[in-house]
Each structure stands twice: as C-alpha cells, then as structure tokens.
Amino acid sequence: MLYRKEIDGLRALAVIPVILFHAGFENFSGGYVGVDVFLVISGYLITSIILLEKKSGTFKLSSFYERRVRRIFPALYLVIFTSIPFAYFLLSPGYLKEFSESLIPVTLFISNIWFWQETGYFATANELSPLIHTWSLAVEEQYYLLFPLFILLTWKYGSKLILVIITLTLLLSLFVSHWGAIYHQTANFFLLPSRAWELLIGVLLAFYLHTKKKNITSNSFHQIASFFGIVLILYAVFKFDENTLFPSLYALVPTLGSALIILFASNNTLVGRLLSVKPLVLLGLISYSIYLWHQPLFAFYRHADIYHSDKLPYLFLMLL
C-alpha cells in the first residue's frame with residue numbers, strides 16, 4: 001500500500017482538536033469531531049489493506065486480527081495499568097468504583113456500550129472519567145471484527161454487489177444517526193449502528209481509489225476540492241458545540257471534509273503539502289498514543305485539583 005504522508009497529517013488534524021476540546025479550550029467547541037475524522041480514515045486505511053491483500057491472494061483473517069491486536073492492545077493495556085495506581089490514590093470511592101467497573105468493558109472493546117448505559121458524553125462528570133475516550137476504540141474494533149467477515153462472505157459475488165450493500169448500509173446508518181440524535185442522543189453518540197456510516201465513507205473511498213485507473217480531473221480541481229475539505233473540518237471544529245445534534249446530518253461536514261482530503265490531497269496540492277510537513281506527520285504517526293494518554297492525564301489532574309480553572313497546566317499535560 002502506497003504510504004501517504006498527508007493521511008498522517010490528517011490524523012494530526014483530527015487528534016489536536018479532540019485534545020483541545022477535552023482540555024476545555026472554548027474556541028475548540030467542536031473539537032470532538034476529530035473522532036469522526038478518525039473513523040473515516042480508519043475505514044479507508046483498513047479497507048485499502050484488505051483490498052490489496054485480497055487482490056494479491058494473501059489475505060488471511062487470522063493475520064488481519066493479529067495485526068490489529070499488535071497495533072492496539074499493547075499501548076491500550078499500558079495506559080490501563082498505568083492508570084490503576086493513580087485511580088486508587090486520586091479517585092473518590094464513587095469514581096473509583098466506576099473506573100474499576102469500566103476496566104473489563106474497555107479491555108473487551110465494548111466500552112461504548114458500557115458508557116452508553118452509564119452516562120452521556122457531554123455530561124460534566126465525564127471530564128473526570130479517565131477511560132471515557134475508549135468508546136471510540138470500541139466502535140473501531142467492532143468494525144474491525146465485522147467488516148473483514150463481510151468481505152469474506154461476499155467477495156465471490158463481485159464488487160458491484162458489495163458496493164450496493166455498503167451504500168445501502170451507509171444510508172440506513174446515516175438515517176439512524178440523524179433520527180437517534182433527536183430521540184436517543186446518548187445511544188446515538190456511542191453505538192456502532194449510528195457511527196457505521198462514517199467508517200463506510202472511508203470504505204467507499206478505498207474501493208474507489210483501488211479501482212481508479214487515472215486522474216480524470218485537473219490539478220486545479222484537486223486544489224479546490226482538498227482546500228474545501230480542510231475548510232469543512234475546521235468549520236466543524238470551531239462552530240459546532242455540545243448543542244449541535246451529533247452525530248447526525250451535521251456530521252457530514254467533517255466526514256465529507258475528510259473524504260475530500262483523502263480523495264484529492266497529494267504532493268501536487270497545497271493542502272497535501274501542508275499536511276505533509278514533518279511536525280504534523282510526526283503527530284499523526286503517534287496520534288493513537290496521544291489519544292490514549294490525554295484523557296487519563298486530564299481526568300486525574302481534575303481529581304487532584306478540583307478548581308482546575310487555569311489552562312496552563314493543560315498545556316503542560318499536552319506536552320507530557
């Protein structure tokens with residue numbers, strides 16, 4: 001699979017707003033949309049790998065799952081084990097009980113279901129929950145578990161049928177997402193059925209780029225489309241807030257922005273070159289670890305300092 005530096009830059013563009021949002025910087029009121037950007041990227045990258053291996057005849061389900069385990073488990077378990085002593089000394093009995101009860105769902109990648117039943121994402125108490133952010137990892141892992149099985153079962157019927165099923169599932173999931181944002185906000189935020197469409201946008205991108213023969217659009221179009229993509233993401237980061245129905249049709253803003261960047265950003269475009277600068281690429285390469293560590297650090301600091309009105313410590317924690 002051809003390495004694209006701008007995708008790692010896009011990862012950085014996703015993780016930075018999430019961290020600033022969780023740190024409480026009010027200008028980044030929609031920073032949570034970085035998770036939606038991540039979901040599109042995940043759908044794209046994982047599907048691209050599967051398609052390349054299926055084409056070459058090297059795809060094995062056991063190998064795919066093994067790589068996911070190697071990628072995700074060690075860093076996650078290190079964060080969990082490091083958090084336990086801090087939780088013991090810093091958390092009050094009620095929060096310690098909640099933290100302890102969340103450990104098994106987190107390790108089994110069903111924490112999105114657990115947090116759905118226990119709380120709401122924008123509740124003030126979640127600022128004090130060290131592992132609340134693992135809900136998105138659970139959503140991705142559930143996708144990693146189901147999507148390869150779907151490909152194995154349907155591959156022999158051809159890509160046209162696969163794409164029809166994926167497109168219909170995407171539209172159904174988008175409908176569920178918008179309906180759920182109105183009537184079942186907490187379940188809608190945490191659960192896979194209302195998030196699947198974001199991953200499936202990435203899946204469709206992978207199928208398209210895997211089969212595309214050559215560029216049929218001009219470089220000027222690529223420049224404009226990729227620039228519009230980054231504008232959409234930044235608009236969501238700065239203009240959305242906790243009162244925005246989300247995820248819903250509003251989530252099309254950051255996800256389509258991500259899609260435009262994946263489709264059209266390259267070394268030949270300004271946006272592609274911007275996202276390929278070394279600091280952004282470095283942040284993108286370690287974005288998974290950054291995402292894992294930021295919430296426990298923020299939550300434990302808030303338990304240690306109940307006032308936590310000063311933003312300077314958060315800048316230090318971000319550097320840490």
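Ser276 is buried, with a relative accessible area of 10%; buried means under 20% relative accessible area, exposed over 50% and partly exposed in between, with a 1.4 Å probe and protein chains only. Where does Ser276 lie? Ser276 sits in the loop between helix H12 (270-275) and helix H13 (278-285). Leaving aside residues up to four places away in sequence, Ser276 touches Lys5, Glu6, Asn267 and Val281, contact being heavy atoms within 4.5 Å.

A word on the source. This is a predicted model, where local features need pLDDT of at least 70 and side-chain atom pairs count only at pLDDT 80 or more, while totals for chains, interfaces and linings use all residues. Residues are numbered from 1 along each chain as its sequence is written, and side-chain values use heavy atoms, with hydrogens and water left out.

Now the whole protein. There are 15 helices and 0 strands; these are DSSP runs numbered from the N terminus, H or I of at least four residues for helices and E of at least two for strands. The radius of gyration is 20 Å, close to the 20 Å that the globule rule gives for 320 residues, so the protein is as compact as a globular protein of that length. That radius is taken over C-alpha atoms, and the rule is 2.2 Å times the number of residues to the power 0.38. The C-alpha trace spans about 60 × 40 × 40 Å along its principal axes. Of the 320 residues, 50% are buried.

Next, helix packing. Helix H7 (residues 159-183) and H9 pack at an angle of about 155 degrees, their axes 8 Å apart. Axes are lines fitted to C-alpha atoms, for helices over the stretch in contact, and angles run from 0 to 180 degrees between N-to-C directions. H7 is therefore roughly antiparallel to H9; angles under 35 degrees count as roughly parallel, over 145 as roughly antiparallel, 65 to 115 as roughly perpendicular and the rest as oblique. Residues making the contact include Ile166 and Leu170 of H7 and Leu200 and Leu204 of H9. By class, this contact has 12 nonpolar, 4 polar and no charged residues. Nonpolar covers Ala, Val, Leu, Ile, Met, Phe, Trp, Tyr, Cys and Pro; charged covers Asp, Glu, Lys and Arg; the others, Gly among them, are polar.

How do H6 and H9 cross? The axes of H6 (residues 135-154) and H9 (residues 196-211) come within 12 Å and cross at roughly 45 degrees, so the two are oblique to each other. Val139, Tyr143, Phe147 and Ile151 of H6 meet Leu199, Val203 and Phe207 of H9. That contact has 7 nonpolar, no polar and no charged residues.
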